[in-house]
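Visitor: I have a structure to look at and would like to know what stands behind the words used for it. Could you take me through it?

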Amino acid sequence: MSETTVIDLVKVQQVLDTLRPYLNADGGDCELVDVTPEGVVKLRLHGACGTCPSSTYTLKLGIEEQLKQHIPGITEVMQVM
């Protein structure tokens, strides 16, 4: 990611809001904690998503892929506690 690339937090939240109904349907949710200058989105998973054995797949194959597809500069999504 270029040093001049600034990731719009509002846009990140908008993409997360489109995914939220799917998380809610399984009893979970996510909270945007931070986006680093390197393009790493830090999320806190809540409810069923926080303890689900498949949460890594949800994070990487679901949320991360959608964010990368819609927002240039996103390099990774990671879970924080």
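**Reading the fold**

Guide: Gladly! The protein chain has 3 helices and 3 strands, and please keep in mind that this is a predicted model. Along the sequence these elements follow the pattern α-β-β-α-α-β.

Visitor: What makes the radius of gyration of the protein chain agree with a compact globule?

Guide: A compact globule with 81 residues would have a radius of gyration near 12 Å, and the protein chain has 12 Å, so the value agrees. As for its extent, the C-alpha trace spans about 40 × 20 × 20 Å along its principal axes. The accessible surface comes to about 4,900 Å², with 55% of it belonging to carbon and sulfur atoms.

Visitor: Which strands pair in the sheet, and in what order?

Guide: The 3 strands form an open sheet in the order S1-S2-S3, with mixed pairing. S1 and S2 pair in the antiparallel sense over 7 bridges, while S2 and S3 pair in the parallel sense over 4 bridges. Two strands count as paired when at least two bridges are found between them, so both the 7 bridges of S1 with S2 and the 4 bridges of S2 with S3 meet the rule. In general, strands of a sheet pair through backbone hydrogen bonds, either parallel or antiparallel.

Visitor: Why is one side of S1 and of S3 left without a neighbour in the sheet?

Guide: S1 and strand S3 (76-79) stand at the edges and each has a single partner strand, so one side of each has no neighbour in the sheet. From one strand to the next, the twist averages 35°.

Visitor: Which residues face each other across these pairings?

Guide: Here are some bridge partners to find on your screen. Gly-28 has Gly-47 in S2 as its partner, and Val-40 is partnered by Glu-76 in S3. Leu-43 stands opposite Gln-79 in S3. In the hairpin of S1 and S2, 4 residues lie between the strands, and Gly-39 takes a positive phi near 90°.

Visitor: Where do the helices lie on the sheet?

Guide: H1 lies across S1 and S2 and runs at about 165° to S1. H3 packs on the sheet and touches S2 and S3, its direction making about 145° with that of S3.

Visitor: Which residues of the largest nonpolar core touch the most other members?

Guide: This core holds 19 residues, and Val-12, Leu-16, Val-41, Leu-43, Ile-63 and Leu-67 touch the most other members. At least two core residues come from each of helix H1 (9-25), strand S1 (28-35), strand S2 (40-47) and helix H3 (55-70). H1 gives the most, with 5 residues.

Visitor: What does Leu-43 touch beyond its neighbours in sequence?

Guide: Leaving aside residues up to four places away, Leu-43 touches several residues, among them Leu-16, Leu-32, Leu-59, Ile-63 and Val-77. Glu-31 and Gln-79 are also included in its contacts.

Visitor: How do you know whether Arg-20 is buried or exposed?

Guide: Arg-20 has its place in helix H1. Buried means under 20% relative accessible area, and Arg-20 is at 15%, so Arg-20 counts as buried. Beyond four places in sequence, Arg-20 touches Gln-13, Asp-29 and Cys-30. Across the protein chain, buried residues make up 33% of the 81 residues.

Visitor: And is Val-10 called buried or exposed, and why?

Guide: Val-10 is also found in helix H1. The word exposed needs a value over 50%, and Val-10 is at 52%, so Val-10 counts as exposed. Val-10 and Pro-72 are 62 residues apart in sequence and 14 Å apart in space, C-alpha to C-alpha.

Visitor: What about Gly-28: buried or exposed?

Guide: Gly-28, in strand S1, is at 6% relative accessibility; with the cut-off for buried at under 20%, Gly-28 therefore counts as buried. Its contacts beyond four places in sequence are Leu-23, His-46, Gly-47, Ala-48 and Cys-49. Gly-28 and Leu-45 are 17 residues apart in sequence, with their C-alpha atoms 7.3 Å apart.

Visitor: How many of the contacts join residues at least 24 apart in sequence?

Guide: Among contacts between residues at least 6 apart in sequence, 49% join residues at least 24 apart.

Technical notes:
Residues numbered from 1 in each chain as written. Predicted model: local features only at pLDDT ≥ 70, side-chain atom pairs only at ≥ 80, totals over all residues. Heavy atoms only, no water. Core = buried A, V, L, I, M, F, W, Y, C linked by side-chain atoms within 4.5 Å. Buried < 20%, exposed > 50% of the residue type's maximum accessible area, 1.4 Å probe, protein only. Contact = heavy atoms within 4.5 Å. Axes fitted to C-alpha atoms, helices over the stretch in contact; angles between N-to-C directions. Rg over C-alpha atoms; globule rule 2.2 N^0.38 Å. Areas by Shrake-Rupley, 256 points an atom, 1.4 Å probe, with all protein chains shown as cover.
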